[in-house]
Amino acid sequence: MNGSGFRAYKLAFLLPGLLILLAIILFPLIFTIRVSFSSWDAITPGLNNAGGINYVKLFGDVRYWQSLGRLSLMAVGTVLLQYLLGLGLALLVWREVKLRRFFRVLFLVPMMTTPVVMSVVWRTIFHESLGPANDLLGMVGLGPFQWLTSASTAIVSVMIVEVWQWTPFMFLLLLAGLLSLPREPYLAAAIDGAGPIRTFFNVTLPLLAPVSIGALIIRLIEASKIMETVYVLTSGGPGTATETTGYYIYIRGLRDFEIGYASALSITYLVIMIVALTIIAKLLVKVFIGERT
Amino acid sequence: MMPKLYGLLKYSAILLWSAFVVAPFLWALTTSFKTANGVTGGPTYIPWLQYEPSLTGWRSLFGGAGGIDIVKPYLNSIVVTGSASAISLVLGTLAAYGLSRFDYRVGPAKNADVLFFFISQRIMPPIVLAIPFFLMLQFLGLLDSLLGLILVYIALLLPIAVWVMIDFFNNIPRQIDEMAMLDGCTPFGAFFRVILPNSLPGIIVAGLFCIIFGWNDFFFAFTLTFTDAQLLPVAVVALNSSVTPWWSLSASALISVAPLVLIAFLVERFLSRGNLAGAIR
Amino acid sequence: MPLHLENLSLTRNGVRYLDRVDATFRRGRLTTVIGRTLAGKTTLLRTLAGLQAPDSGDLKLDGVSIASVPVWKRDVAMVYQQFINYPHLSVLENVAFPLLRRGLKAPEAQSRAEATLAKVGLSGFAARRPSQLSGGQQQRVALARALAREAPILLLDEPLVNLDYKLREQLREEFRGLFAEETKAIVVYTTTEPAEAMMLGDEIVVMHEGRILQVGTPVDVFERPASTAVAEIVNDPPMNILPGAVVDGRIALGSYRLALPAHLSRLAAADYRFGLRATDLHVDPASEIAGSLVFAEISGSETFLHVETAFGPLALQIEGIHDIALGTQVPIGFSTERLFAFAADGALVVAP
């Protein structure tokens with residue numbers, strides 16, 4: 001639509017939102033970049049010019065890089081789990097099931113809850129002696145676990161909470177995707193004599209590719225920011241076993257008040273995430289949808 | 001035999017997952033009615049059989065001992081989430097419509113780039129913005145204020161509104177807009193009289209997502225408020241110390257997640273009337 | 001109140017959609033614009049409507065330039081080839097919509113809308129939604145909305161192309177009646193089908209690659225096409241254009257010779273391109289000109305034969321249903337009294 005007279009309207013539609021977003025996001029971003037080149041901390045507050053000293057420092061910050069690795073593992077792990085579970089659930093309640101409507105809503109509920117608030121509840125659940133987790137598992141003979149106090153199981157606990165919280169998101173998108181699938185390929189597959197498993201892999205899954213990829217990318221973006229769950233559940237512990245990058249930066253920046261250094265950590269975090277997520281997104285699209293100009 | 005077995009497995013799986021979903025709520029529910037003896041001796045589950053139920057936990061929500069006043073954070077959350085969602089929805093829908101219908105050009109940046117800019121805001125880890133937001137709000141005198149929070153939340157929710165609505169708009173043929181303009185509507189007229197009425201499902205979905213993400217935010221509320229503008233999630237987490245009794249904790253947790261759970265059930269009724277079926281495409 | 005198009009040009013992505021178009025449309029006249037796909041017909045209409053701005057040139061209504069008037073201020077009604085109606089409004093509300101926008105009071109808008117619906121045969125459908133109607137009915141709603149407005153300019157962009165054959169024929173007849181009553185408006189109707197253009201238009205505009213090739217009455221354009229391009233466009237199947245020459249007082253087609261018909265007797269000896277309609281060719285066992293059958297198509301009660309001769313491909317349209325094996329050598333008879341002669345550059349020299 002580009003006849004005459006559109007110009008004013010064009011701008012009126014886009015500019016309010018765009019400008020407000022720019023104003024609220026751009027200045028802080030630029031500010032953070034500027035601060036990352038200073039050595040602002042509790043002892044020497046203020047914007048001085050310290051060159052790239054923070055960036056040099058973060059290169060050798062083992063704890064930072066470990067947190068990134070940990071975060072990647074947790075993010076990819078939980079998202080994959082969420083996808084598989086979400087897909088399974090969507091397939092289960094997709095067609096004729098009793099009380100289908102009820103289960104569809106029920107499965108959505110965790111996503112609607114406040115993650116930190118539910119983490120508070122989960123903390124009581126995972127309590128080793130007073131919480132129901134060990135109690136119930138004990139009833140079926142499974143030994144008590146050190147949910148939040150052992151390095152290896154702590155990560156599992158965080159992942160359990162994340163899976164509980166966000167599988168509904170995958171479920172929602174995949175179910176909507178399944179509901180909008182055309183009938184014809186299934187009729188064709190039935191005529192060709194394909195059984196349920198073959199139909200699933202050769203018809204359902206490929207048709208769901210676009211929705212799946214969208215859901216995976218969105219969840220990966222959100223999962224790359226895991227911090228609140230860790231804050232409430234384990235405080236990054238035990239030790240640094242569940243310390244994600246977000247949490248680590250929080251400690252350095254808002255608790256130890258090393259603002260300059262934390263800013264450098266943040267900016268690096270942001271850049272790495274943008275690059276990684278863009279690559280993953282493009283890769284997923286290319287592999288599962290094929291080349292598209 | 002096979003169909004029966006398959007049916008059995010299917011319902012078992014559904015019930016298993018349902019149990020997993022419901023478990024934390026049930027646990028919080030029973031715990032909220034406990035007092036010391038229901039907790040310190042080990043986990044208990046059934047009221048009257050295993051412990052003596054009491055309303056202490058629930059009463060502590062209104063300023064009782066060991067608890068907090070939940071009313072003020074509740075109201076704050078409603079105001080902030082409502083306002084920020086409404087504004088984000090309006091601005092985001094307008095922007096999404098513009099991006100869907102018109103060709104923009106700012107130097108080398110075109111529509112796809114602007115859209116990427118909007119959506120990529122979600123990649124921004126909150127921590128990157130926390131400090132500058134703090135300093136910015138402090139400078140404007142908006143720290144620990146509802147207005148300051150609303151401004152920050154708009155930046156978070158606007159991309160969501162744009163992301164949802166642009167897909168909807170792209171699925172409406174441009175000729176409908178053109179027809180409205182031929183019939184005498186300005187672009188605004190076409191948008192309000194014709195496109196919006198046909199986008200109601202999308203607006204509801206976008207609004208819902210805004211409300212969900214707004215209500216459930218913790219980090220920004222945590223770093224940018226202290227007492228006056230305290231929001232619900234912060235209030236609940238503030239209780240998360242080893243001093244606060246579990247029954248207060250559980251009661252406050254339940255009451256803060258209740259509204260959205262309710263909305264989930266309400267939306268489902270709307271969904272099942274087929275209105276949203278075409279929307280989530 | 002004539003509408004003048006002056007030197008309109010529009011190029012997008014290297015494609016010339018409008019190439020220095022000059023035309024005049026008058027009130028009370030139905031002008032059909034015929035051309036192949038991508039000839040520029042739709043772009044022409046959209047430029048008239050204000051949905052697209054030309055790169056250069058001007059549009060004048062009654063001597064006043066309207067090129068910079070935004071679409072919502074021009075009083076132009078348009079019917080699209082896709083059935084475009086407002087999904088959220090009833091049929092009646094659809095038709096009344098532009099009337100209300102132009103300031104008519106609700107009762108008056110409603111009665112006008114009802115009258116127009118009756119005109120297009122949709123009287124009982126006022127309360128339905130467009131999605132509940134068939135394709136043909138939806139297009140009638142779109143038409144009613146365009147007619148109810150009584151706009152000075154009415155544009156129709158291949159409105160029947162998405163309907164099935166029978167419905168097309170039926171609506172074409174109805175259109176003739178409907179538009180005969182439109183004595184005040186400028187009506188422009190685009191199509192790719194010669195039959196439609198011939199039947200509906202008071203005047204035909206032939207477009208090709210963004211340019212106007214010829215303007216005239218249907219008879220004019222059909223009997224005296226200005227060039228081979230026009231001849232191919234306004235005939236269905238396209239007129240056969242054969243490269244040949246006049247040599248020694250006879251028509252030379254490849255190595256074949258034909259006697260010169262009377263109307264071509266005064267042609268100078270030179271290279272020509274000869275045109276002959278598919279209906280003016282027949283299977284003639286006595287003819288020495290033959291081609292091998294490449295493709296045969298049966299349509300209704302006629303058969304179309306596509307043959308490959310030594311001097312090029314030919315299309316024949318013959319009565320009856322004939323089943324001829326591919327590859328058969330088909331002897332072809334020429335009704336040379338129906339032969340057109342075009343110059344080597346395509347311009348018309350002599351018409352029968």
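Trainee: Let's start with chain B. What radius of gyration does chain B have, and what would a compact globule of 281 residues have?
Mentor: Chain B comes out at 24 Å, whereas a compact globule of 281 residues would be near 19 Å. Keep in mind that this is a predicted model.

Trainee: And what does the C-alpha trace of chain B span along its principal axes?
Mentor: About 75 × 70 × 30 Å.

Trainee: What secondary structure does chain B have?
Mentor: Chain B has 13 helices and two strands. Of its 281 residues, 50% count as buried. Among its contacts with a separation of 6 or more, 72% are between residues 24 or more positions apart.

Trainee: Okay, switching to chain C. In what order do the six strands of the open sheet run?
Mentor: The order is β6-β7-β8-β3-β9-β10 in chain C, with mixed pairing. Strands β6 (76-79) and β10 (211-216) of chain C are at the edges; each has a single partner strand, so one side of each lacks a neighbour in the sheet. From one strand to the next, the twist averages 20 degrees.

Trainee: How many bridges join β9 of chain C to β10(C)?
Mentor: Five, and the two strands run antiparallel. As an example of the pairing, I204(C) has G216(C) in β10(C) as its bridge partner.

Trainee: Now helices. How do α2 and α4 of chain C cross?
Mentor: The axes of α2 (residues 91-101) and α4 (residues 135-148) of chain C come within 8 Å and cross at roughly 30 degrees. Angles under 35 degrees count as roughly parallel, and α2(C) and α4(C) are therefore roughly parallel to each other.

Trainee: Is the α2(C) and α4(C) crossing left-handed or right-handed, and which residues make the contact?
Mentor: The crossing of α2(C) and α4(C) is right-handed. On α2(C) the contact residues include V91(C), F97(C) and L99(C), and on α4(C) they include V141(C), A144(C) and R145(C).

Trainee: Last one: how many of the 10 residues in β16 of chain C are buried?
Mentor: One, so to speak of cover, β16 (residues 290-299) of chain C hardly has any.

Trainee: Which strands does β16(C) pair with?
Mentor: With β17 (residues 302-309) of chain C, β16(C) runs antiparallel over seven bridges, and L293(C) has V307(C) as its partner there. With β19 (residues 329-334) of chain C, β16(C) forms three bridges, again antiparallel; A290(C) is partnered by P331(C).

Trainee: What about the hairpin of β16(C) and β17(C)?
Mentor: There are two residues between the strands, and G300(C) takes a positive phi near 65 degrees.

Notes
Residues numbered from 1 in each chain as written. Chains lettered and ligands numbered in written order. Predicted model: local features only at pLDDT ≥ 70, side-chain atom pairs only at ≥ 80, totals over all residues. Helix = DSSP H or I, 4+ residues; strand = E, 2+ residues; numbered from the N terminus. Rg over C-alpha atoms; globule rule 2.2 N^0.38 Å. Buried ≥ 20, exposed ≤ 12 C-beta atoms within 10 Å, placed from the backbone. Contact = placed C-beta atoms within 7 Å. Pairing = 2+ DSSP bridges. Axes fitted to C-alpha atoms, helices over the stretch in contact; angles between N-to-C directions. Parallel < 35°, antiparallel > 145°, perpendicular 65-115°, else oblique. Left-handed = near helix turned anticlockwise from the far one by under 90°.
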